Each structure stands twice: as C-alpha cells, then as structure tokens.
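Morning, everyone. I have one structure to go through today, so please have a look at it first.

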Amino acid sequence: MKALLALSRAIDALNVRVGKAVTWVTLLVVLVSAGNAVVRKVFGTSSNAWLELQWYMFGAMFLLTAGYTLLQNEHVRVDILSSKLSKRTQIYIEIFGLLFFLMPMAIVIMYLSWPMFMDSYLTNEQSSNSGGLVRWPVKLMIPIGFGLLVLAGISRLIKCFAYLRGQGPDPLARSEAKTAEERLAEEIAREAQEREAALLQQQHNKGA
C-alpha cells in the first residue's frame, strides 16, 4: 500500500502542476477574446486564426483540468441520498462509480481519440476556415486530457482503498476553503439582508 500511495502522490503532483499551469490560460483567453472584440468593433475586421486560438484555449481549460478538478473534489455530485449513508458506504459507492462509470468512459474516449489525432497529425490537417489554424494540436488535447483524468481516477481508487484499510484520510473530504460559488452566494445573501434591514429601517422611520 505504501508503494501505491506513493504512486497516488506522484499522480496528484502531476495533475496539480498541469492544473495550475492551465489556470493561466484563463487570462490568455480573456485577453485574446477582448482583443478580438476590440479589433472587430473598432476596425471592422477579424481573424479566423485568433478566433480559433480562443476556442482552442477554451477547450484546453476544460480538457486538461478534468483530473485536477477530480483531485480537488470539485466535480458536480448529486449526493442527496449518499450523504445520509455511512462514510464507508460512501467510499464503496465512490469505488463503484470510478470502476464502472468514470474509468471506462475516460479510457474509451482516450482510446478512440488517439487515432483521430494521429490521422490529423500525419495529414497536417488544417482548419476549413480561411486563415485558420492547424487542427492536430487541439485534437491532441483530447487523449491527454482524458489520460490525466484516468490517472486521477487511479489515484482516487488508491485513496479509497487506503481509507478502507485505515491507512489514509477521507478521499471525499473537501478543502475547508470556500469555493468562489460559496463566497458569491454568501455575498448575495449578505446584500439581501442589508437591503431588507434598510427597508425595515425606512418603514420604522416613516412610522415614527
């Protein structure tokens, strides 16, 4: 189990490194998107190459960070029923989902997308749009992204079995740090409470 946990840590380190690197792509997407909009509005022209670059980076943000998202326990979960079960039962459900849903799906997509990439690479496939980009780099992101997701699934399985053997922490535990969505929800609730308090104060002042 020690060797497997070491493998899990190595996989996690890889996904963390890739995930943090790809976060900078978000900034590049914003800059390229804004530049495309300014050029189109101000100069009345556009470039298919720059538009396609924007789409390529947008795809990279989702494909290359799937494993990192799984590592952070940030994939969408519908756990209304499982949350009422014991922790060990939740772990068994997690193992079942990984073995029979996530892993087969990711492996099949990775396997089927590789010949598509190779064909594009060997033929130096170009965009059908005038002035567009070469296609194979964006197609390469598909097997790479799902390959990282497969590795993340393997790491998660190791953590689940380690937890069941009493040799690891809860793999389903989320970081105590609040997500951006949770912080936004709290901010909206706080502003609503402030508006309600201000309205009650105004009504009180009118009554007085």
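A polar contact here is a pair of N or O atoms within 3.5 Å; within protein, one must be able to donate a hydrogen and the other to accept it, and residues adjacent in sequence count only if both atoms are side-chain atoms. This is a predicted model, where local features need pLDDT of at least 70 and side-chain atom pairs count only at pLDDT 80 or more, while totals for chains, interfaces and linings use all residues. Residues are numbered from 1 along each chain as its sequence is written, and side-chain values use heavy atoms, with hydrogens and water left out.

I start with Asn129. Its side chain makes a polar contact with the side chain of Glu52, at 2.9 Å. Asn129 sits in the loop between helix H4 (87-122) and helix H5 (136-164); helices are DSSP runs of H or I, at least four residues, numbered from the N terminus. Leaving out residues up to four places away in sequence, Asn129 touches Asn48, Glu52 and Arg135, contact meaning heavy atoms within 4.5 Å. Asn48 is 81 residues from Asn129 in sequence, yet the C-alpha atoms are 6.8 Å apart.

Now the core. A nonpolar core is a set of buried Ala, Val, Leu, Ile, Met, Phe, Trp, Tyr and Cys residues joined through side-chain atoms within 4.5 Å, buried being under 20% relative accessible area with a 1.4 Å probe, protein chains only. The largest has 16 residues, and Leu70, Ile91, Ile95, Leu102, Ala106 and Leu149 touch the most other members. Helix H3 (66-71), H4 and H5 each give two or more residues to this core, and H5 gives the most, with seven.

Note on methods:
Buried < 20%, exposed > 50% of the residue type's maximum accessible area, 1.4 Å probe, protein only.
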